[in-house]
Number of protein chains: 2
Amino acid sequence: MEELQFAEYLRHTGLKLTRARRVILQEAFRTHGHFDAEALYSRLKKRRAGVSRATVYRTLPLLVNSNLVRKLDLGEGRSTFEHTLGHPHHDHLVCIDCGSVFEFHNPKIETLQQGICKEFDFEMLSHSQQIYGRCKDCRRK
Amino acid sequence: MEELQFAEYLRHTGLKLTRARRVILQEAFRTHGHFDAEALYSRLKKRRAGVSRATVYRTLPLLVNSNLVRKLDLGEGRSTFEHTLGHPHHDHLVCIDCGSVFEFHNPKIETLQQGICKEFDFEMLSHSQQIYGRCKDCRRK
DNA sequence: GTACCTGCAAAGGCTTTGCATCGGC
DNA sequence: GCCGATGCAAAGCCTTTGCAGGTAC
């Protein structure tokens, strides 16, 4: 279960497993699909979880560093997140007209990326790839 | 020359080629490597080019749409740009410790990306890919 | 002459931070 | 008990916008 992995990461980094962090972790995993910091915070607020916005912002990077959550940049001027368990790695096609996001996964690309990292003697921690364009529905208009 | 391409784009879109836009275009091409809006604006200011920050922010998207400039998301909370002429398409390895950015280009990945777009019936306009990790120098420490 | 463009300053949206208090370990 | 964590509100960035005057075509 994900809390173990988080606890392990925190211990390893000398940080504490607090109530707020547990609640944020749970909410991130309760959410399927993409979410941003504000959305996560609103849901906690609605449930009167007693966690502040600042703590949400402080905790999300920890979840990312522990590889439980992935940070995405969908070009909207804010960070988007998704949890990783049961969501194998994938990348995104983003329609610049309607904002639709399509997910794709391509193992061959990943293999090539690993080759590139080897070439640069670079330790890959995460990677993301966005393709911006127009989806078929928007092209029809 | 790049101004022709920009003029062509503007005409096609029903926009005007103004002095401010010309100056911003030139400054973008005078800059080699990455730059952000603020950096471009400071350089113009230093030269007393008489162009406002607002106009820089309004013009950069036009340069991006005309394919003269590429917009990057290097995960720093702001947009980074680079001009495209003489800079063939490439992607980035970003070191999360020291911030170094290494460029790479891989035609095989591009071919695979095109295949993905075909599969989704998606018209690719641009794409970018970042790999976050640790460079060899930072790993030594 | 008509749209469109510009500069300025203010507003906006997202995120970080200072500080006093609280709480894991 | 110590050092990190939290909440709150304020501050910080980057970026966008309203408006009055200017300008390409």
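1. β1(A) and strand β3 (residues 80-83) of chain A run antiparallel and are joined by two bridges. In this predicted model, local features need pLDDT of at least 70 and side-chain atom pairs pLDDT 80 or more, while totals for chains, interfaces and linings use all residues. Residues are numbered from 1 along each chain as written, chains are lettered from A and ligands numbered from 1 in written order, and side-chain values use heavy atoms, without hydrogens or water. Strands (E, at least two residues) and helices (H or I, at least four) are DSSP runs numbered from the N terminus. A:Phe35 has A:Phe81 in β3(A) as its bridge partner.

2. The open sheet has three strands in the order β1-β3-β2 (chain A), paired antiparallel. Pairing takes at least two DSSP bridges between two strands. β1 (35-36) and β2 (69-72) of chain A are the edges; each has a single partner strand, so one side of each lacks a neighbour in the sheet.

3. Helix α4 (residues 53-65) of chain A packs on this sheet and touches β1, β2 and β3 of chain A. Contact means heavy atoms within 4.5 Å.

4. A:Phe6, A:Tyr9 and A:Leu10 in α1(A) meet A:Thr59, A:Leu62, A:Leu63 and A:Asn65 in α4(A).

5. A:Glu82 lies in strand β3 of chain A. A:Glu82 is buried, at 2% relative accessible area; buried means under 20% (1.4 Å probe, protein chains only). Among the residues that A:Glu82 touches, beyond four places away in sequence, are A:Arg70, A:His90, A:His92 and A:Glu103.

Methods
Axes fitted to C-alpha atoms, helices over the stretch in contact; angles between N-to-C directions. Buried < 20%, exposed > 50% of the residue type's maximum accessible area, 1.4 Å probe, protein only.
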